[in-house]
Amino acid sequence: MQIPHDTRRALDVVVALVNTAAETDQPDGLADVSALRGFVHEFAISDVGDLGARDLAGVRAVRGKFAQVFASPNPRVAAALINELVATAGTTPQLTDHDGYDWHVHYFAPGASVGDHLAADGGMALAFIVVSGEQERLRRCEAPDCRRAFVDLSRNRSRRYCDSRTCGNRLHVAAYRARRKEAESEHEEVVHGGQQQQGADHP
């Protein structure tokens with residue numbers, strides 16, 4: 001699936017934001033304003049001024065909407081959520097080549113809050129996925145102890161885990177060990193069964 005660079009980057013931010021949500025074994029990654037500043041810095045989110053409690057609440061609300069898009073049962077539900085996101089953010093498309101980046105489109109209005117910034121750019125990136133008929137690529141990891149979000153960019157839409165080097169490999173190793181243990185158990189039954197049979201033939 002071909003995705004423009006700026007859309008791909010916006011999707012990366014969406015996924016990272018959704019994955020900051022608290023889980024059973026994971027605290028909230030946006031627990032305070034300091035954590036929000038770290039997120040903004042890590043993903044080089046531009047045009048962000050001083051951050052405060054209102055910004056934190058706004059970004060958490062956007063995070064919740066993004067998570068609902070990932071959980072949407074069909075494109076119509078996803079579209080309604082995305083429409084609400086971009087409308088509330090006051091989307092204003094504009095071309096920019098800031099900070100040495102090639103020309104790309106920002107969808108947030110000048111002076112927008114960081115929450116509206118993320119809602120506009122992230123919402124339009126999600127809209128690209130829905131318009132392309134690819135909503136099913138918005139997934140959650142299938143590992144039993146992991147619910148992290150990811151965008152499946154595999155050619156045949158076959159990716160099941162958030163990171164093939166961690167969750168995927170871990171489950172593959174577990175499955176391999178289970179098969180090996182079962183094979184060893186079957187082998188022992190055959191050997192012991194044969195020995196018992198020999199004992200019965202030769203009292």
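Helices (H or I, at least four residues) and strands (E, at least two) are DSSP runs that are numbered from the N terminus.

**Figure 1. Overview of the elements of the predicted chain.** The structure is a predicted model, in which local features need pLDDT of at least 70 and side-chain atom pairs count only at pLDDT 80 or more, whereas totals for chains, interfaces and linings use all residues. Residues are numbered from 1 along each chain as its sequence is written, and side-chain values use heavy atoms, with hydrogens and water left out. The chain has 6 helices and 4 strands, and from the N terminus on these elements run α-α-α-α-β-β-α-β-β-α. Of the 203 residues of the chain, 36% count as buried, where buried means under 20% relative accessible area, exposed over 50% and partly exposed in between (1.4 Å probe, protein chains only). With contact taken as heavy atoms within 4.5 Å, 52% of the contacts between residues at least 6 apart in sequence join residues at least 24 apart.

Figure 2. Helix H5 comprises the 18 residues 114-131, which at 1.5 Å a residue should span 26 Å, and its end C-alpha atoms are 25 Å apart, which agrees; the expected span is 1.5 Å times one less than the number of residues. H5 is mostly covered, 14 of its 18 residues being buried, and it is followed by Gly-133, whose phi is positive, near 70°.

**Figure 3. Close-up of the largest nonpolar core.** A nonpolar core is a set of buried Ala, Val, Leu, Ile, Met, Phe, Trp, Tyr and Cys residues joined through side-chain atoms within 4.5 Å. Of the 43 residues in the largest one, Leu-17, Leu-36, Phe-39, Phe-66, Phe-70, Leu-118 and Leu-126 touch the most other members. Two or more residues each are given to this core by helix H1 (5-18), helix H2 (33-42), helix H3 (53-71), helix H4 (75-89), H5 and strand E4 (149-151), and the largest share, 9 residues, comes from H5. Apart from this core lies another, of 7 residues, among them Ala-143, Phe-150, Tyr-161 and Cys-162.

Figure 4. Not counting residues up to four places away in sequence, Leu-118 touches Val-13, Leu-17, Ile-45, Val-59, Val-62, Phe-66 and Gly-123. Arg-63 is found in helix H3 and counts as buried because its relative accessibility is 9%. Leaving aside neighbours within four places in sequence, Arg-63 is in contact with Leu-17, Val-18, Thr-20, Ala-21, Asp-28 and Leu-30.

Figure 5. On a 1 Å grid over the protein atoms alone, where a 1.4 Å probe is used, a pocket is an open set of points with protein on both sides within 12 Å along at least five of seven lines, and lining residues have an atom within 4 Å of a point. About 490 Å³ of space lies in the largest pocket, a volume being the space filled by probe spheres set on the points, which are joined across faces, edges and corners. Of the 27 residues that line this pocket, the closest to its centre are Asp-6, Arg-9, His-104, His-106 and Asp-121. H1, strand E2 (104-106) and H5 are the elements that give two or more residues to the lining.

**Figure 6. Close-up of the second largest pocket.** The second largest pocket has a volume of about 230 Å³, and of the 13 residues that line it, Asp-12, Val-15, Phe-150, Val-151 and Arg-159 are the closest to its centre. H1 and E4 are the elements that give two or more residues to this lining, and H1 gives the most, with 4 residues.
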